[in-house]
Amino acid sequence: MKLLKIALIFTQIAFALNIKAPNFSPNVDKKYVYKICGGKNLSPKIIIKDIPKEATSIAVTIFDPDAPRVGGWWHWAAFNLPLSNEIKEGIKANEFLQLKNDYGNFGYGGSCPPPGKAHRYIVTVYALKEKVSFSKTTPIKKSLELIKPLIITKAQIVGKYGRN
């Protein structure tokens with residue numbers, strides 16, 4: 001039984017992604033803020049290490065659980081990103097498969113919380129067994145259900161941003 005536990009721990013460590021988002025975590029830089037809130041609305045650069053050999057594509061989501069509405073606020077869902085140690089900054093809406101965010105636009109939609117307490121922006125990067133084939137009109141919540149069987153591993157980081 002101890003040998004099985006050790007093997008399971010090793011397997012989890014071997015498949016653990018390591019991600020960083022300079023200028024987004026721990027605090028969201030102004031250039032990643034939505035334009036109507038004074039930013040440039042650029043998607044963040046994300047550095048990825050330890051991508052499993054079995055992975056064929058990368059997906060990324062950004063979610064604000066502190067948004068003042070039931071279910072939070074989806075800022076980004078991008079799929080079929082190439083296996084790379086970096087997701088570049090400023091990905092355009094027509095690059096890769098990007099779903100409609102909660103602003104109603106395809107692609108990235110930056111931070112723009114109401115004035116008050118800072119919100120958390122959870123960045124999740126997924127290593128997937130295969131590319132996805134759903135449509136860009138697929139709702140984000142549905143897409144996350146569809147990729148469950150494809151996830152090899154995932155990692156999360158959190159950035160914070162608030163307006164006075």
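These notebook entries record what I looked up in a predicted model.

**Conventions.** I number residues from 1 along each chain as its sequence is written, and I use heavy atoms for side-chain values, leaving out hydrogens and water. Because the model is predicted, local features need pLDDT of at least 70 and side-chain atom pairs count only at pLDDT 80 or more, while totals for chains, interfaces and linings use all residues.

Entry 1: I took buried as under 20% relative accessible area, exposed as over 50% and partly exposed as in between, with a 1.4 Å probe and protein chains only. This core has 29 residues, and those touching the most other members are Phe 24, Ile 46, Val 60, Trp 76, Ile 87 and Val 125. Two or more residues each come from β2 (46-49), β3 (57-64), β4 (73-81), β7 (119-128) and β8 (151-161); strands here are DSSP runs of E, at least two residues, numbered from the N terminus. β7 gives the largest share, 4 residues. I then noted a second, separate core of 15 residues, including Ala 59, Ala 77, Leu 99 and Phe 134.

Entry 2: I listed contacts (heavy atoms within 4.5 Å), not counting residues up to four places away in sequence. Among the residues that Val 60 touches are Ile 46, Trp 76, Ile 87, Val 123 and Val 125. Thr 61 belongs to strand β3 and, at 2% relative accessibility, counts as buried. Its contacts, under the same exclusion of residues up to four places away in sequence, include Trp 74, Trp 76, Ile 122, Tyr 126 and Leu 144.

**Entry 3: β7 and its partners.** I checked strand pairing, which requires that DSSP finds at least two bridges between two strands. β3 and β7 run antiparallel and are joined by 7 bridges; the bridge partner of Val 60 in β7 is Val 125. β7 and β8 also run antiparallel, with 10 bridges, and Leu 128 stands opposite Ile 151 in β8. Of the 10 residues of β7, 9 are buried, so this strand is largely enclosed by the rest of the structure.

**Entry 4: the open sheet.** I found an open sheet of 3 strands in the order β1-β2-β5, with antiparallel pairing. β1 (18-20) and β5 (86-87) are at the edges with a single partner strand each, so one side of each lacks a neighbour in the sheet. β2 and β5 pair over 2 bridges, and Ile 46 stands opposite Ile 87 in β5.

**Entry 5: backbone exceptions.** Most residues other than glycine have a negative phi, and most peptide bonds are trans. I noted a cis peptide bond from Ser 25 to Pro 26, with omega near 15 degrees; Pro 26 is in the loop between β1 and β2. Asn 41 is in the loop between β1 and β2 and has a positive phi of about 60 degrees. Phe 96 has a positive phi of about 65 degrees and is located in the loop between β5 and β6 (97-98). At 37% relative accessibility, Phe 96 counts as partly exposed.

Terms used:
Core = buried A, V, L, I, M, F, W, Y, C linked by side-chain atoms within 4.5 Å.
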